[in-house]
Amino acid sequence: MAAPQSLQLSSVNNVEIPVHIIHTEENQIQEPAVDELDYSQRGQWLRAAVLGANDGLVSVASLMMGVASVKEDIKAVIVAGFAGLVAGACSMAIGEFVSVCTQRDVEIAQMKREKLKGSSKSDENDERLPNPAQAAAASALAFAIGAVLPLLAAAFIRQPMVRMAVLVAVASVALVVFGVVGALLGRTPVVKSSARVLVGGWMAMGTTFGLTKLIGSNHGMQI
């Protein structure tokens, strides 16, 4: 129905109608590309933020549970958790810095090859280059935010068993929140994403707790 109507109108006005139709088709083609680009850029930052916060939470919570399995002293647990926070944040920052620097070098080399071919737009390409320092700071901050949660949860509880239960509960709730937020921002299934993050965190904490307790209590080892 639409094709015959456009042919009939074009016979009345051969200039304006074809231009209007072509302009509409171009808009229909270009809009998904812009939307796809926005979600691609959002996905890169989302990946780094969720990865950093999740790593901070799981690493420090698992470390604290491992120490608590063989040492009931709250000071030892808090010191171990704080050391994990500092070491993990530094590791995430350095790792992200090196990774983004490598990516930046690759993109610069590609820009130079395109420039030699005469197909490079230097201004647009310069804006697209990643910032290593910014990525490193974001990763360290995200790790620290996730790592501070189990520290705060266990800092004011003296009873070892209660402290352990609160630590697991807080870590579980935070893992679900990270999974839900990541799913909503990335437009992925909420239940599947949050369940994957939660189960992965449980596995890490359980494995650390079990192996540390096994090694620490084996043959009366003194810690």
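View 1. Methionine 65 has its place in helix H2; helices (H or I, at least four residues) and strands (E, at least two) are DSSP runs, numbered from the N terminus. This is a predicted model, in which local features need pLDDT of at least 70 and side-chain atom pairs count only at pLDDT 80 or more, while totals for chains, interfaces and linings use all residues. Residues are numbered from 1 along each chain as its sequence is written, and side-chain values use heavy atoms, with hydrogens and water left out. Is methionine 65 buried or exposed? Methionine 65 is buried, because its relative accessible area is 7%; buried means under 20% relative accessible area, exposed over 50%, and partly exposed in between (1.4 Å probe, protein chains only). Leaving aside residues up to four places away in sequence, methionine 65 touches Met164, Leu167, Val168, Met205 and Phe209, where contact means heavy atoms within 4.5 Å. Arginine 163 is 98 residues from methionine 65 in sequence, yet the two are 9.5 Å apart in space, C-alpha to C-alpha.

**View 2. The whole chain.** The secondary structure comes to seven helices and zero strands. Read from the N terminus on, the order of elements is α-α-α-α-α-α-α. Of the 223 residues in the chain, 30% are buried. Among contacts between residues at least 6 apart in sequence, 73% join residues at least 24 apart. UniProt, in an unreviewed entry, places the feature "transmembrane region" at residues 45-64, 76-94, 135-157, 164-185 and 197-216. These UniProt positions are given in the numbering used here, feature names are shortened, and annotations may be inferred rather than shown by experiment.

**View 3. The largest nonpolar core.** A nonpolar core is a set of buried Ala, Val, Leu, Ile, Met, Phe, Trp, Tyr and Cys residues joined through side-chain atoms within 4.5 Å. The largest one has 30 residues, and those with the most contacts inside it are Leu57, Val60, Met64 and Leu175. Which elements give two or more residues to this core? They are helix H2 (16-70), H3, helix H5 (132-154), helix H6 (160-186) and helix H7 (190-216). H2 provides the largest share, nine residues. Leucine 57 touches Gly146, Ala147, Leu149, Pro150, Ala171, Ala174, Leu175 and Phe178, not counting residues up to four places away in sequence.

**View 4. Helix H3 from end to end.** Helix H3 covers residues 74-117, which is 44 residues, and reaches 64 Å from its first C-alpha to its last. That is close to the 64 Å expected at 1.5 Å a residue; the expected span is 1.5 Å times one less than the number of residues in the helix. Aspartate 73 caps the N-terminal end of H3, with a side-chain oxygen 3.2 Å from the backbone nitrogen of lysine 75. Just after H3, glycine 118 takes a positive phi of about 80°. The span of residues 76-94 is 100% helix and 0% strand, and its end C-alpha atoms lie 27 Å apart.

View 5. Alanine 89 lies in helix H3 and is buried, because its relative accessible area is 13%. Alanine 89 touches Ala140 and Phe143, not counting residues up to four places away in sequence. Isoleucine 145 is 56 residues from alanine 89 in sequence and 9.7 Å away in space, C-alpha to C-alpha. Serine 91 is also found in helix H3, and counts as partly exposed because its relative accessibility is 48%. Between serine 91 and alanine 136 there are 9.6 Å in space, C-alpha to C-alpha, although they are 45 residues apart in sequence.

**View 6. Cysteine 90 and cysteine 101.** Cysteine 90 counts as partly exposed because its relative accessibility is 42%. Cysteine 101 is partly exposed too, because its value is 21%. A search of the whole structure finds zero disulfides, a disulfide being a pair of cysteine sulfur atoms within 2.5 Å.

**View 7. Helices H5 and H7.** H5 has 23 residues and reaches 34 Å from its first C-alpha to its last, close to the 33 Å expected at 1.5 Å a residue. At the start of H5, a side-chain oxygen of asparagine 131 comes to within 3.1 Å of the backbone nitrogen of alanine 133. The 27 residues of H7 should span 39 Å at 1.5 Å a residue, and its end C-alpha atoms are 39 Å apart, which agrees. Buried residues in H7 are Ser193, Ser194, Val197, Leu198, Gly201, Met205 and Gly216.

Key: Polar contact = N/O pair within 3.5 Å; in protein donor to acceptor, adjacent residues only side chain to side chain.
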